[in-house]
Amino acid sequence: MTGRAIVLRTLRRRDFLSLSAMGLTGLVATACGGFATTPAAGPAATTGAATATSQAPPAAQATVAPTQPPRAAVQPTIVTGQTPAAAPAQYKEAPQLAQQVRDGKLPAVEQRLPRNPVVVQPVEKVGKYGGTWRAALLGGGDTVWLTRTIGYENLVRWDPEWTQVIPNVAESFTIGPDAKEFTFKLRERMKWSDGQPFSADDLVFYVEDVSKNKELTPSRGANPPEIEKIDQYTAKIKFASPNGLFLQTLATTNGDAWTRYPAHYLKQFHQKYNTTNLDQLIREANQDGWVKLFQTKGAGIPGTPYDARWQNKDLPVLHAWVITQPYGAVTRVTAERNPFYFKVDPAGNQLPYLDRVTYEVAQDAQTLVLKAANGEIDMQDRNIATPGNKAVLADNQQKGGYHFFDTVPAIMNSAVISLNLTHKDPVKRQIFQNKDFRIGLSHAIDRQEIIDVVFVGQGEPWQAAPRKESEFYSERLAKQYTEYDPKRANEHLDRAFPQKDGQGFRLGPDGKRISFTVEITAGTAPTRSDVMGLVQAHWQKVGVEVQVKDEDRALFDTRTGANEHDAAVWDGAGGLDVILNPPYYFPWSSRSDYAQAWQVWYNNPSGAGARTAPEEPPAATKQQMDLYRQLAATGDPAKQNEIMRQILAIAADEFYAIGIALPPNGYGVVKNGFKNVPAIFPDAFMYPSPAPTNPPQYFIE
């Protein structure tokens, strides 16, 4: 199937790339109210991009200048296809798998691969089989790093340069002219890790029996998907109203649901299908019902870090490596090569090259830094790559036998302090909702001291606002209330709560001392404890008493998700992926720790199954939510951008959360013999780094 590569996104990706020194350019064409991007030919051969989209001849590429607004009247149906540039003459496999074929334990490699496998172009060169990728996890809830390293196999994916959405599990896709229908052609003969077929039936099972099952999914949102099976390898996903962000969302970690529910395995745990021994399975698993059984076997447990992909080794997956030692009460998690993985290199070698990935489970971040410095981690940035650690890691490069790679962050703030505006305690709610109180606290923070002491001079004072590289950059949003000015801080605080006790601490509306706890999870970013130590001292000088509580990530997520916190600190998402990841610009997701009850009202107004009761937000916040619904309903990027700017303007007025500093470029460590890791790539949850760089093509020389 031929066609044009498409990416339904705003120009923020291109701005990001031009400013991140990646050296990529793109031509932009209008189509379906979105942009069709033709990547530059040069970088594709050197950046490890999957050979994933067939390109039309240059004459067929309708291109316009990147700044030209879309031609709304031109809305053809867009088709993208995936045809390997040069199909290998024959396929090869890892020696261990070849032996299993000879022993009759596995089918031949040609029978294990789909008819049209993905061909991945290595970053440096074709690799060799063997070896273990040594990585590390922090505590009992660090499932994000598992997803980013071995768990990113969605229907579509980001290309390595973060310029476009390309086919992945789906061989091709067709987008309807009004962004209501998306047709996906799957890869013929593709298989789950247990050798069973992957087909349109798995997509139907997800929609009809997981997404539409009210016990498993209490709320489906305002524009839920419907599905029509066309044939064994083709399915049409339909929405009642336009879904202009569907493809982009599918390419993020949030799009994994479509490819993580193997019907042949999970039907035995589903009430609809198992009418014989379901009760017995529930008892054997020591669960209190079929829903909890299904969650533990194939999904996850809401409100906890439990994810069946990493904790149920029997669950079939599409990943390059399959969990053999599950995450849980262990000191090491192990994943072994998947014999049925659907990707090859240009020479026909079935990926992955590496035999396995192991993750040491540490309880503190300094243990991970020590392992990296000793050369015991082959490739990683998560949990170790802080500005404060870089000097130590640089000093140990020769001894540890590693070097650095660079990352360009999508994060817009090193630490965002979210006072809980929807606190269950009405007194604390009244205090935190007072904008003068928040402004006063912001002016009381000496950000330059924090940058100098904690971030070793890297960064600049910054609120929760898009980065300068983004087309959505707003100086007002980024810089308001960032001046360290104790006099101005006291003026605002005096307007809010002027009374003080005998020790100089301010009194709240109940006549009691204002005192609250800021919860952090320093293990994910050790500098948060250092930041809050200084902020604690700054706020004490203006009469506000604060305690800082460092807790495990799992407990942190549980408490904030249940709206049980006074205040919380996390890094600021949405610096570059502004439209796709705006939790600090309005209460958009469970990461909007400043207003959990408002985000539940937005995402799940009935409150069914939610751990936090929904609460109707004030008018300005509801206006933002209405605007974002309008944004998501259009495929016109110019209109999306216009609406997003309106949302950001209201965010500046409301000043929901307090930012500290704009993060500089990041880094990670990679062993000198660990090959095919790009020298620089984006760092973002929505990207999700390093997954789009194709870890299955990493190898040890």
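Predicted model: local features only at pLDDT ≥ 70, side-chain atom pairs only at ≥ 80, totals over all residues.
Residues are numbered from 1 along each chain as its sequence is written, and side-chain values use heavy atoms, with hydrogens and water left out.

Helices (H or I, at least four residues) and strands (E, at least two) were taken as DSSP runs, numbered from the N terminus. Strands β13 (residues 321–325) and β14 (residues 332–337) run antiparallel and are joined by four bridges; strands are considered paired if DSSP finds at least two bridges between them. Gln325 has Thr334 of β14 as its bridge partner. The two strands β13 and β14 form a hairpin with six residues between them, and Gly328 in the turn adopts a positive phi of about 160°.

Aromatic pairs were assigned for rings of Phe, Tyr and Trp (its six-membered ring) with centres within 6.5 Å; planes under 30 degrees apart count as stacked, over 60 as edge-to-face and the rest as tilted. The count by this rule is 36 aromatic pairs. Tyr206 and Trp258 form an edge-to-face pair, because their ring centres are 4.9 Å apart and their planes stand at 65°. Since Tyr206 belongs to helix α6 (residues 200–211) and Trp258 to the loop between α7 (246–250) and α8 (263–266), the pair ties together parts that are 52 residues apart in sequence. Buried denotes under 20% relative accessible area, exposed over 50%, and partly exposed the range in between (1.4 Å probe, protein chains only). Tyr206 is buried at 13% relative accessibility, and Trp258 is buried at 6%. A stacked pair is found for Tyr594 and Tyr656, because the ring centres are 5.0 Å apart and the planes at 15°. Tyr594 lies in the loop between β23 (567–572) and α22 (596–603) and Tyr656 in the loop between α24 (637–654) and β24 (658–659), so this pair ties together parts that are 62 residues apart in sequence. Tyr594 has 0% relative accessibility and counts as buried; Tyr656 is buried at 4%.

Ring pairs also link a cluster comprising Phe182, Phe205, Tyr206, Phe239, Phe246, Trp258, Tyr261, Tyr273, Trp290 and Phe294. A charge was taken to sit over a ring if NZ of Lys or CZ of Arg is within 6 Å of the ring centre and within 35 degrees of the ring normal. The charged end of Lys390 sits over the ring of Phe404, 5.5 Å from its centre, and that of Arg591 sits over the ring of Trp570, 4.5 Å from its centre.

Contacts were defined by heavy atoms within 4.5 Å. Thr143 is located in helix α5 (residues 143–150) and is buried at 14% relative accessibility. Residues up to four places away in sequence aside, Thr143 touches Pro305, Trp310 and Tyr327. Arg148, also placed in helix α5, is buried with a relative accessible area of 10%. With the same exclusion, its contacts include Asp683, Phe685 and Pro688.

Helices α15 (residues 426–433) and α16 (residues 435–443) pack at an angle of about 65°, their axes being 5 Å apart. Ile431, Phe432 and Gln433 of α15 and Lys435, Phe437 and Arg438 of α16 make the contact. Axes are lines fitted to C-alpha atoms, for helices over the stretch in contact, with angles running from 0 to 180 degrees between N-to-C directions.
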